[in-house]
Amino acid sequence: MYSLIILSPFLAFAVISLITRRFRGLSALIAIASLLVSFALILKLFLALFGIGAMPEAVSASWLSLPGMNFEMGLLFDRLSILMGLLVSGVGSLIFIFSAGYMEEDPGFSRFFAFLSLFAAAMLGIVFSTNFVQIFIFWELVGLASYLLIGFWFQKDSAADAGKKAFMVNRVGDFGFILGIILIWFLSDPSAEGMKRTVDFAGLAAMIPGSLANGMVSSVAVFTAGILIFCGVIGKSAQFPLHVWLPDAMEGPTPVSALIHAATMVAAGVYLLARVFFLFTLSAELLQIIAIIGAITALMAATMGVVEKDIKRVLAYSTMSQLGFMVLAMGLSDPVAGIYHLLTHGFFKALLFLGAGCVIHAVHTQNLFDMGGLFKRMPVTSIAFFIGTFALCGLFPTAGFFSKEEILAAAMHKSPVFFGVAIFTVFLTSFYMGRLVTLAFLGHPGRGQTPFYEKGSDPFPDEAPFVMTFPLIILSFLSVTAGYFGIPALLGAETEHHGSSMNLTLISSAVVLAGLTVSFLVYRVKRQSEDPLAHTLGPLYTLISRRYFMDDLYDFYVQKIQQPFAALCNKGNDLFVIKGLSNLTGEGLYRLGSLTRKMFTGNVQTYSLILVFQILVVFVIAVVFMQLTK
Amino acid sequence: MMIPASHYLIVAFVLFSIGLLGVFTRRNTILVLLSIELMFNAVNLIFVTFSRSWGNLDGQVAALFSMAIAAAEVAVGLAIAILLFRSRQTIDVAEFNSLKD
Amino acid sequence: MLDQIAFYIFSGVLLLSALLAVTLRHPVYSILCFLASMFSLAVLFFIQKAYFVAVIQITVYAGAILVLFLFVLMLIGYEKEQRAFWTNPVRFGFAVTLAALSLIGLLWIYRTVGATLVVAQGQAQDLPLQAGSIQSVGRLLFNQYLLPFELLSLVLLVAIIGSVVLAKKEL
């Protein structure tokens, strides 16, 4: 029955794409209902965690059985998967509802909900996977859904390109991922206890530490497997250096950004880290690398967010940065903190994106420097947005504060370098969010440049319809209260729970307030269409706004190195080898044919010669045969 | 002392080969037919030789039949040669190559 | 003894004239050599006590067939041939080789199986003088071989009609 959790949205996808394409309202209803079904089921499971109702056993069915290999598909029910499932289905349902309003005028309305349902099914599949192979399947499905949704407005070249970019970069990471899976499969040594080789999470968790301890597998092997699996995480969660697809992914509709690139899909990588954490703890170097990459990503993304003009892109960089925080937490051996932050981040990031969606819906522009003074006209949205901002910055008493505190505490206890980086990133986070809020919502129209909508040309921005503000309200509530649910306890954090000290709270709060204040001061006074930072930072500004030239780097690699190499292979293999062989065969036969053709001169005497010759040949063969069988 | 049959057979074989050579070599159609007649004759010799060595007359009867057939074949063959001449104005076998590829 | 002399002389003539018949370029000369070989072959038949066959050989071959050849040759094909060697040396060489090889092949057959087929020498002497006479052959023809004999006449009939039809100017 619980397989409905995944099947329900999948069925919705099938039904919508095949049957109800033309009935928009019905499609939306089906999609929302299917996800709510999943949510209800997961809620039931959640209650079972507390003893209300029975917790079902993990189900598992053999899916592909070859000699020596046995792959299963199943459902895994534990605290992590249930909590994650609640996030995905709950926030997902809210976003579905939001989309009904946001995409109202879009001709591809039903298609949108079909893809959304597909995505939901795949994401839930990831969450409830029991083994590596299953998670990989759904991993790829999620990548596919992401491609479809980013490139939803495929008529726009930039959108189509962005979709492709996302998929391809993801694929690079997935290549490492699958190599890691294969390696891990080999590492699960069967000779150990008569157990079979497996890719099952539970099985591996039991086997691998033991294998490492008694020397059956080398630590190098474990490290390599871990690094390869981490590659998948880097791709999916947009960590450095495979982060380049996330900013461009904002080409998709805003609900897509909210769902996929804030709350859920990119979090899948972090989820995987938590799931497979038993592997990563075995190697200190691996954890070090994970932490470093997380920290680099967090810092880098925050700097890029500071100079970005597009509202959605700022939020995208913010996502990247927060993901970096989560990965950093994992690297600091505190998976509980990472997942805690994942959950709270899901709430407030979705909130922020949806709020941005409302704004865009109203003013039809995404450039921050074209906005201003929206607070007056869209109060509900603005307040929700403020709440989301405070949560993101980690201001007491929002949920974001609690989760970020955990991470900062872990950093403080582990390493001053990481702590320094983290705190600076917190400052930058507050700075760019404050910048965003100031530019979009605050400021008096009339001082400096007036936003275009004040000039009376475009429709006045009005508050968004209720169907769109309703999710905002819910999410705002969650963003504030989620810190009090006791999630760390739920996740089973007994060990290594660093209580955050008073010092830490004071320091972090001070940093956050400083960031917010500075940005407010900088941006509220000068309201020009140019970023004043451009003058201040000069060449540094250029570096950052060009995304540290990473896109150019990749571009160069693909154009100058990869494509010529592929063309060479094409030429070499196709032209020389394959074409050569077929040409050779054809040519050879042709030559043979023309040789034989010379026999047919039309001259009778020649024919008679050939005839007698053949008779002689047969005769010789007969004689030889007779001699041999004497 | 009788001449052993093998001597006759060898003569016949050589005659046969000479006829074969003629078939391959000659350019005049009629002379090709002539070479074929030589081969027939060689065969007749072999028949008669074996008739002698077996002591009955079956071989000679076979030789007679062979001669009759050879006569019939020559008649028809030469008629065809005449037809060839009528249509091609030549009886040079090298010219008859319309079956050429 | 006379037999032996006759054999050697006339087999020599046979082979020589056959070779000339195949080699000479002038067609009429070629046919004349053929005539010579027919006659010597008849002598060889005679030595082997195949009297009737010898006579028929002269009558039919040397008489009818050869004359027919001459007639047709006079009508058509009275040109001197080119030397076979020059027209196509390759083919000529191949032809000679093949003829030689077939000769060797035939001899080889004789070597392996011929000895069993040829009965002892002495038996030939037992053939009476009339062995190959027309009566004995005729007796055989009209008793055991009556059917083939009648069929042969049919064949000859067909041949006659055929050649007449083929060679007519208009049907």
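In the predicted model, 75 residues of chain C are in contact with 59 residues of chain B, two residues being in contact if their C-beta atoms, placed from the backbone, lie within 7 Å. Residues are numbered from 1 along each chain as its sequence is written, while chains are lettered from A and ligands numbered from 1 in the order in which they are written. Because the model is predicted, local features need pLDDT of at least 70 and side-chain atom pairs count only at pLDDT 80 or more, whereas totals for chains, interfaces and linings use all residues.

On the side of chain C that touches chain B, two or more residues each come from helix 1 (2-23), helix 2 (27-47), helix 3, helix 4 (84-87), helix 5 (89-117), helix 6 (134-143) and helix 7 (146-167) of chain C. Helices (H or I, at least four residues) and strands (E, at least two) are DSSP runs, numbered from the N terminus. Helix 3 of chain C contributes the most to this side, with 13 residues. By class, the side comprises 54 nonpolar, 17 polar and four charged residues; Ala, Val, Leu, Ile, Met, Phe, Trp, Tyr, Cys and Pro count as nonpolar, Asp, Glu, Lys and Arg as charged, and the others, Gly among them, as polar.

Within the contact of these two chains, helix 3 (residues 58-88) of chain B packs with helix 3 (residues 51-75) of chain C at an angle of about 5°, with their axes 11 Å apart. Axes are lines fitted to C-alpha atoms, for helices over the stretch in contact, and angles run from 0 to 180 degrees between N-to-C directions. Helix 3 of chain B and helix 3 of chain C are therefore roughly parallel, given that angles under 35 degrees count as roughly parallel, over 145 as roughly antiparallel, 65 to 115 as roughly perpendicular and the rest as oblique. Residues of the contact include A63(B), L64(B) and M67(B) from chain B, and F52(C), V53(C) and I56(C) from chain C.

Chain C contains seven helices and zero strands, and chain B three helices and zero strands. Of the 171 residues of chain C, 27% count as buried, and in chain B buried residues make up 57% of 101. A residue is buried if 20 or more other C-beta atoms lie within 10 Å of its own, exposed if 12 or fewer, and partly exposed in between, with C-beta atoms placed from the backbone. Among contacts between residues at least 6 apart in sequence, 59% in chain C join residues at least 24 apart; for chain B the corresponding value is 48%. Chain C also touches chain A, in a contact that takes seven residues from chain C and six residues from chain A. On this side of chain C, four residues are nonpolar, two polar and one charged.

The largest nonpolar core has 193 residues, and those with the most contacts inside it are F119(A), M123(A), L328(A) and A350(A). A nonpolar core is a set of buried Ala, Val, Leu, Ile, Met, Phe, Trp, Tyr and Cys residues joined through C-beta atoms within 7 Å. Helix 15 (residues 335-363) of chain A supplies the largest share of this core, 18 residues. A second, separate core of 70 residues includes A63(B), M38(C), A42(C) and A99(C). Leaving aside neighbours within four places in sequence, A350(A) is in contact with V91(A), I95(A), A258(A), A262(A), A263(A) and L475(A).

Helix 15 of chain A also packs with helix 18 (residues 399-414) of chain A, their axes coming within 9 Å and crossing at roughly 150°. Helix 15 of chain A is thus roughly antiparallel to helix 18 of chain A. The residues of this contact include Y340(A) and F347(A) of helix 15 and K404(A) and E406(A) of helix 18. They divide into seven nonpolar, four polar and two charged.

Backbone exceptions occur in two loops. Most residues other than glycine have a negative phi, and most peptide bonds are trans. The peptide bond from F240(A) to P241(A) is cis, with omega near 0°, and P241(A) is placed in the loop between helix 8 (219-236) and helix 9 (245-248) of chain A. A238(A), in the loop between helix 8 and helix 9 of chain A, has a positive phi near 55°. A238(A) is buried, with 30 other C-beta atoms within 10 Å. In chain C, phi of K49(C) is positive, near 65°, and K49(C) is found in the loop between helix 2 and helix 3. K49(C) counts as buried, with 21 C-beta neighbours inside 10 Å.
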